[in-house]
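We'll go through it piece by piece.

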Amino acid sequence: MDERLVDLREQQLDLLERVYDALLRVHFPVPGELDDLETMRAGLQSEVDGLNPELHVLVLLQGSELAGCTCYEYYPRGNHCLISYVCVSERFRRMGIAKRMLVQVQLQLSQRAQQPLAAIFAETHAFDVQDGIMNPLERQEVLASLGFRCFSAKV
């Protein structure tokens, strides 16, 4: 199957609404947790000025199907990155898609930054099916499975 990874900041911005509805809203249903569509659209269309954060939405397509997406902001003044959202469509889970997207994030950042990044931060969100809570060790396991080193696990 034809696999393509696109950055909506650079191409195919017209996919944003489809990605938002099919992936982001499904995986981030808690009110106030997900940026609204217009904020994301404005962030993707903002000028790269070296001062303000640059929003990127990476989308992995398997043929015409949305397999997953990763949203991140690069902060050029601090030379760091914040990964806000990572999600993979249920049909494509356990295929290494999240890892491949995060490798692409690192590649893009190494090409964009003037020097090695100071840090890559990630927000996490996952719920225990029974009580709606994720304990700190589970959170570390999720991040470690994606290649992150965890220095502390605050709830």
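Q12 is partly exposed, because its relative accessible area comes out at 27%, and anything between 20% and 50% falls into that class. Keep in mind that this is a predicted model. You'll find Q12 in the loop that joins strand 1 (3-7) to helix 1. What makes Q12 worth a stop is its backbone: phi is positive, about 55°, although the residue is not a glycine. Most residues other than glycine have a negative phi.

N79 also has a positive phi, about 50°, and is not a glycine either. This one sits in the loop between strand 3 and strand 4. Is N79 buried or exposed? With a relative accessibility of 9%, N79 counts as buried, since the cut-off for that is under 20%.

Helix 1 covers residues 16-27, twelve residues in all. From first C-alpha to last, helix 1 reaches 15 Å, close to the 16 Å you'd expect at 1.5 Å a residue. Which residues of helix 1 are buried? They are L16, V19, Y20, L23, L24 and H27. Looking down the axis of helix 1, you'd see these buried residues fall within an arc of 130°, so they line one face of the helix. As for what covers them, the list includes helix 2 (37-45) along with strand 2 (54-62), strand 3 (65-75) and strand 4 (80-88).

Take helix 2 as the next stop. Its axis and that of helix 1 come within 11 Å and cross at roughly 135°, which means that helix 1 is oblique to helix 2. The crossing of the two helices is right-handed. On the helix 1 side, the residues that meet helix 2 are L16, E17, Y20 and L24; on the helix 2 side, they are L37, M40, R41 and L44.

L24 is one of the buried residues of helix 1, and both L24 and M40 take part in the meeting of helix 1 with helix 2. As for S84, 13 residues separate it from C71 in sequence, yet the two C-alphas are 5.7 Å apart in space.

Notes:
Residues numbered from 1 in each chain as written. Predicted model: local features only at pLDDT ≥ 70, side-chain atom pairs only at ≥ 80, totals over all residues. Heavy atoms only, no water. Helix = DSSP H or I, 4+ residues; strand = E, 2+ residues; numbered from the N terminus. Expected span 1.5 Å × (residues − 1). Buried < 20%, exposed > 50% of the residue type's maximum accessible area, 1.4 Å probe, protein only. Arc of directions from axis to C-beta. Contact = heavy atoms within 4.5 Å. Axes fitted to C-alpha atoms, helices over the stretch in contact; angles between N-to-C directions. Parallel < 35°, antiparallel > 145°, perpendicular 65-115°, else oblique. Left-handed = near helix turned anticlockwise from the far one by under 90°.
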